[in-house]
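This briefing covers side-chain contacts, taken topic by topic. Please read it alongside the sequence and the structure shown here.

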Amino acid sequence: PPPADGPGWAADGLIASEEYPHQTEAGGVMLYWANDAQFLYAGLEAETRGWVSVGFDPENRMKGANYVFGYVKDGVAFAEDMFGTLPAGFDSHPPDVQLGGTNDLLEYGGVEMGGVTVIEFKMPLDSGDVYDRPLSVGSTYVVLLAQGSGDDLTSVHSARGASEITLD
């Protein structure tokens with residue numbers, strides 16, 4: 001069963017064995033997820049002291065994807081809702097707020113321990129923001145997973161890959 005806002009799910013950076021019914025891996029990044037009719041609950045985990053990211057439903061390479069980037073610096077988790085504006089390149093995924101959109105991460109948290117970074121987040125399946133791709137229950141989407149070595153949103157990825165997810 002998908003998690004709920006309660007004891008079944010928390011954006012605490014700790015991925016419990018029963019917390020997420022689904023997982024996939026690409027680019028050395030594990031994506032764990034669950035959903036209900038309104039929200040996606042997800043966790044990203046990678047062997048890095050830097051950032052981790054997921055891009056949902058890209059149109060052309062990185063362009064058009066709804067991204068969540070996160071990292072932990074000095075014990076404090078940071079995550080940002082971003083959007084793919086170009087197929088590739090340094091400035092290809094600015095924060096939604098820089099484009100006139102909104103940051104639609106409802107909750108997030110993370111932990112960096114033993115060289116592993118974990119970021120968990122909750123977001124609406126359809127935020128209504130033009131810079132977020134609407135996701136639908138029962139549909140399958142390409143996801144872009146990546147990691148980088150820096151605690152920032154500008155350092156280049158050290159590994160990346162693509163996979164697919166299906167929402168319950």
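**Side-chain contacts**

Lys-122 has a relative accessibility of 5%, so this residue counts as buried. The model is a predicted one. A search of the whole structure finds 7 aromatic pairs, and the structure holds 3 salt bridges.

**Lys-122 and its partners**

- Lys-122 makes a salt bridge with Glu-107, with 3.9 Å between the closest N and O atoms.
- Because Lys-122 lies in strand β8 and Glu-107 in strand β7 (residues 107-113), this pair ties together parts that are 15 residues apart in sequence.
- Glu-107 has a relative accessible area of 32% and is partly exposed, whereas Lys-122 is buried.
- The charged end of Lys-122 also sits over the ring of Phe-39, at 4.3 Å from the ring centre.
- Phe-39 in turn belongs to one aromatic cluster together with Trp-9 and Tyr-41.

**Salt bridges of Arg-133**

- Arg-133 forms a salt bridge with Asp-57, and the closest N and O atoms of the two are 3.1 Å apart.
- Glu-59 counts as exposed, because its relative accessibility is 54% and the exposed class begins over 50%.

**Aromatic pairs**

- A pair of aromatic rings is described by two values, the distance of the centres and the angle of the planes.
- Among the 7 aromatic pairs is that of Tyr-67 and Phe-69, which is tilted, with 5.8 Å from centre to centre and 45 degrees between the planes.
- Both Tyr-67 and Phe-69 are buried.
- The ring centres of Tyr-71 and Phe-78 are 5.3 Å apart and their planes stand at 40 degrees, so this pair is tilted as well.
- Tyr-71 has a relative accessibility of 13% and therefore counts as buried.
- Phe-78, at 27% relative accessibility, counts as partly exposed, because buried means under 20% and exposed means over 50%.

Notes: Residues numbered from 1 in each chain as written. Predicted model: local features only at pLDDT ≥ 70, side-chain atom pairs only at ≥ 80, totals over all residues. Heavy atoms only, no water. Phe/Tyr/Trp six-rings, centres within 6.5 Å; stacked < 30°, edge-to-face > 60°. Buried < 20%, exposed > 50% of the residue type's maximum accessible area, 1.4 Å probe, protein only. Lys NZ or Arg CZ within 6 Å of the ring centre and 35° of its normal. Salt bridge = Lys/Arg side-chain N within 4 Å of Asp/Glu carboxyl O. Helix = DSSP H or I, 4+ residues; strand = E, 2+ residues; numbered from the N terminus.
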